[in-house]
Amino acid sequence: MRQLRRRGLKAITQPATTALTTAARARAALPAAGLSADNAILGGQIDALSAAICGYLRIPATLDGKVTLGSQRVLEKIDIVRGLETFYLSRAPVMFVSAVAQIHLLTLDDEVLLATELEILSDDGLVRFLDDDGKGRDVSGTAIIEYTAGYSLPSNDPAITNAALLPVAIEQAMFLLLKGQTSVAKRDPTIRSESSDEVDSFTYFSEGGMAVAWREAAAYLDAYRRIIRS
């Protein structure tokens with residue numbers, strides 16, 4: 001039997017943006033990649049790859065079908081079927097303001113608890129309930145937790161949020177994917193290999209340029225893949 005069942009993740013607020021980088025930052029990082037000079041086209045590519053990265057990282061979507069790494073206030077309902085001391089929130093990292101975790105509502109079987117009765121154990125969203133002595137305790141029942149979690153994205157003004165900055169590695173993965181996507185779009189698909197008497201010969205990867213880019217990006221992303229047990 002599963003120890004907990006997630007009953008949905010409701011968005012209370014929407015992030016100002018979901019893009020994991022900006023067109024200007026991408027062009028600055030990839031000056032020789034030949035990225036589109038059209039902001040609308042490049043922005044669309046960034047948005048699509050941002051969603052793809054969220055999928056790779058296993059970021060759960062809210063009930064309205066949206067997914068983001070950006071800071072967002074959410075409410076989730078979890079049925080803890082059997083006694084369980086620790087579990088993961090669906091979104092991370094939880095935002096802190098003046099060293100106080102932003103837990104806005106906490107209930108267990110309709111009993112309203114203090115926000116301080118839920119302890120944040122790690123940046124990846126591992127939490128536990130605390131007893132009156134401040135020690136972890138096994139709980140069961142239906143928990144409702146409303147909290148703010150996620151990162152301040154490069155496309156946000158960092159001055160307007162207390163959220164942690166997006167890890168550099170995730171933006172670097174975005175740059176690798178943008179570079180790979182641009183390279184694939186420029187290559188003639190009918191050409192399988194190229195050679196030159198003065199230089200060398202080169203055979204394209206049969207698995208495809210984007211598969212190669214994703215494999216390289218995974219080295220940056222794997223440390224941030226979410227652990228969601230249900």
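This is a predicted model: local features need pLDDT of at least 70, side-chain atom pairs count only at pLDDT 80 or more; totals for chains, interfaces and linings use all residues.
**Loops**

I started with Pro93, which sits in the loop between β3 (86–88) and β4 (96–97); strands here are DSSP E runs of at least two residues, helices are H or I runs of at least four, and both are numbered from the N terminus. The peptide bond joining Ala92 and Pro93 is cis, with omega about -10 degrees.

Residues are numbered from 1 along each chain as its sequence is written, and side-chain values use heavy atoms, with hydrogens and water left out.

Next I checked phi. Ala99 is not a glycine, yet its phi is positive, about 70 degrees. I found Ala99 in the loop between β4 and β5 (100–101). Ala99 has a relative accessible area of 70%, so it is exposed (over 50%; buried is under 20%, partly exposed in between, with a 1.4 Å probe and protein chains only).

Asp109 also has a positive phi without being a glycine, about 50 degrees. Asp109 lies in the loop between β6 (103–108) and β7 (111–112). With 48% relative accessibility, Asp109 counts as partly exposed.

**Ile145**

I then moved to Ile145, in strand β10 (residues 139–149). Buried or exposed? Ile145 is at 0% relative accessibility and therefore counts as buried. Leaving aside neighbours within four places in sequence, I listed its contacts (heavy atoms within 4.5 Å): Val74, Leu75, Glu76, Phe87, Leu89, Ile103, Leu105, Leu106 and Leu118. For Leu118, 27 residues away along the chain, I get a C-alpha separation of 9.3 Å from Ile145.

**α2 and α4**

Last, the helix pair. The axes of α2 (residues 39–56) and α4 (residues 209–221) come within 12 Å and cross at roughly 60 degrees; axes are lines fitted to C-alpha atoms over the stretch in contact, and angles run from 0 to 180 degrees between N-to-C directions. The two are therefore oblique to each other (under 35 degrees is roughly parallel, over 145 roughly antiparallel, 65 to 115 roughly perpendicular, the rest oblique).

Which residues of α2 and α4 meet? I see Ala52, Ile53 and Tyr56 in α2 against Trp214, Ala218 and Leu221 in α4. By class, that contact has six nonpolar, no polar and no charged residues (Ala, Val, Leu, Ile, Met, Phe, Trp, Tyr, Cys and Pro count as nonpolar, Asp, Glu, Lys and Arg as charged, the others, Gly among them, as polar). I noted the buried residues of α4 too: Val212, Ala213, Ala217, Ala218 and Leu221.
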